[in-house]
Structures are given as C-alpha cells and as structure tokens.
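Subject: Structure for your review

Dear colleague,

Please find below the structure that I am handing over to you. My notes on what was found in it follow directly after.

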Amino acid sequence: MITIKSDREIELMKIAGSIVYETHQYLKPYVKPGIKTIDLDRMAEDFIKSKGATPSCKGYEGFPYTLCISVNDEVVHGFPSEYKLKEGDIVSIDICACYKGYHGDSAWTYAVGKISDDDKYLMKHTEKALYEGIKQAVVGNRVGDISNSVEVYAREHNLGVVKELVGHGVGTNLHEDPNVPNYGEKGKGPLLKAGMVIAIEPMLTFGDESIYVDDNEWTIKTDDESNAAHFEHTVLITENGPVCLTGDEKNG
Ligand code: MF3
Ligand code: CO
C-alpha cells in the first residue's frame, strides 16, 4: 500500500530529512585518509541521538550499525569497521534517521583525498542520474518514468545499473511501497500523487552490473571488484514538483 502523508506527517518527515542532511554535513570534514569507518559510525550515532532522533538502520532486520559505509567495490550495506580510509578510496555513506516515528534516508559517495579520474566520472554521473530521477518525481508521472530516466542516463554514460536493490517509499517504515527500481519503462508502474514520499537511489558501476553478497550476509559487492557509487535522497511529491527532504546538490 502506498501511503499519502498528511501535512503533520510531512512536517515530521522534513525534520527527519534535515537531521539526515545535517549528519552528512557533520561527517563530511572527517571523511579523510586515516579515519576508521567505525569512528564515523559512532560519531553519526551520537549526532543523530543529539538531535532527538534514532538511527533507523541499527537493528533493522538485524543490521548492526548506524551507518552503511561502503568502500570502493562495496555497493551498499557495508559494515563500519577498523578499516582506515586511505587516499584514493571512494566511500558511500548511507544515513537513515527516525524522528518521532518518521524516517529520512540519504546516501552519498565521497572522495577520500585525491581520487582517479574514472572514479570522479562514476561519482559525478551517479549523482546526476539521481537528479534525473528526481526531476521525474512529479504528480501524474509513474514510478517507471523515474526508473527509466535513471537507467537511460546511466546507459548514455556507459555506467552499469545494479538491479538487485531498489529505491522505495519512506514513512513510518524505512522501506514502504512502492519499489523504485533504477531501470524500467516510461509510463509503467504506480501513479505518483501529492503527499507520497520516496527514496530514489541509483547504484551505478563501471559497466559490469553483477554483484554478490559478502560473507557477512549484508554487504553487496561488485563481482568484477570495480568501484561503485550510490546517491540517494528522500523526496516528497507535491503539486509544485519534487521537494528533496534530505538536502540538495550541496551535499556533495
Ligand atoms: N538506505 C538503505 C536502503 O534503503 C538503508 C539500509 S538500512 C539497512 O537500502 F539496515 F538495511 F542496512
Ligand atoms: Co534507501
């Protein structure tokens, strides 16, 4: 069932979204060579709690951490660890927070120090693919219009689309209907209405799209061990167009 949020719910979701956005801004200066990813996780947990929210991922279906931190060939659901980020890594940080029962969800891929031109290309165009999707999040469109625009943009830039994981509705549950795949046909899928909130989250690779699940049973990695990028925003659909609840281009 796809829920339509009331004005009161939208106010709470705006707060949840802004806490997620602020957590990204708080962490960003620390995403430097030498920091342990587990330290970023602890900092995020403390920060989210200091805002009167709770980390949605921690305990979600048994996920053990506040953040999903996915380095290089890890696509999503990476475990924070004793690993120290090093110059040239790219790291996706996926942040979910719950405020008064409502969730916000946003992922961003960051460069650690100086990175390769290929990785810059991957990150730039994965972010742009997200915004191509957001542009389609308008009343009267269908989910397939979002999915198709992300896929077409990725294909035009010779990037691979990870198909096993999809965007989703967001509300009192972190994952709600509808599924929002990063591939599909225009004009297909559920109709978009004002008051729906969805997370749009392209996960793109250098062409080979196949992935596997790590031994920890959570972390998704590319089969060919090439790097992947992940950009995600929680978006409210309104009569006046999409409203990004978790920030804007400034996140990067
Ligand atoms: N942003 C992630 C997603 O939508 C949240 C994962 S939470 C986890 O898939 F607990 F499943 F890791
Ligand atoms: Co999500």
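Ligand 1 sits in the largest pocket. Please keep in mind throughout that this is a predicted model.

The surroundings of ligand 1

There are 14 residues around ligand 1, and those that come nearest are Cys 57, Asp 94, Asp 105, His 168 and His 175. The side chain of His 175 has an N or O atom 2.9 Å from an oxygen atom of ligand 1. For Glu 201, an N or O atom of the side chain is 3.1 Å from an oxygen atom of ligand 1.

The cobalt site

Which residues coordinate the cobalt ion (ligand 2)? The donors are Asp 105 through OD, His 168 through NE2, and Glu 201 and Glu 232 through OE, at 2.0 to 2.4 Å. Their spacing in sequence is D-x62-H-x32-E-x30-E. His 168 belongs to strand E7 (residues 167-169), while Glu 232 is in the loop between strand E13 (228-230) and strand E14 (233-238); the pair therefore ties together parts that are 64 residues apart in sequence.

His 168 counts as buried because its relative accessibility is 3%, against a cut-off of under 20%. Glu 232 is likewise buried, its relative accessible area being 0%.

Other positions

Ser 92 is located in strand E4 (residues 90-99) and is buried, with 2% relative accessible area. Its side chain forms a polar contact of 2.8 Å with the side chain of Thr 109.

Phe 47 is part of helix H2 (residues 37-50). At 15% relative accessibility, Phe 47 also counts as buried. Between the C-alpha atoms of Phe 47 and Val 197 the separation is 24 Å, and these two residues are 150 residues apart along the chain.

With kind regards

Key. Residues numbered from 1 in each chain as written. Chains lettered and ligands numbered in written order. Predicted model: local features only at pLDDT ≥ 70, side-chain atom pairs only at ≥ 80, totals over all residues. Heavy atoms only, no water. Donors = N, O, S within 2.8 Å, 3.2 Å for Na, K, Ca; no water. Helix = DSSP H or I, 4+ residues; strand = E, 2+ residues; numbered from the N terminus. Buried < 20%, exposed > 50% of the residue type's maximum accessible area, 1.4 Å probe, protein only. Near = heavy atom within 4 Å. Polar contact = N/O pair within 3.5 Å; in protein donor to acceptor, adjacent residues only side chain to side chain. 1 Å grid on protein atoms, 1.4 Å probe; cavity = no way out; pocket = protein on both sides within 12 Å on 5 of 7 lines; lining within 4 Å. Sits in = over half its atoms within 2 Å of the grid points.
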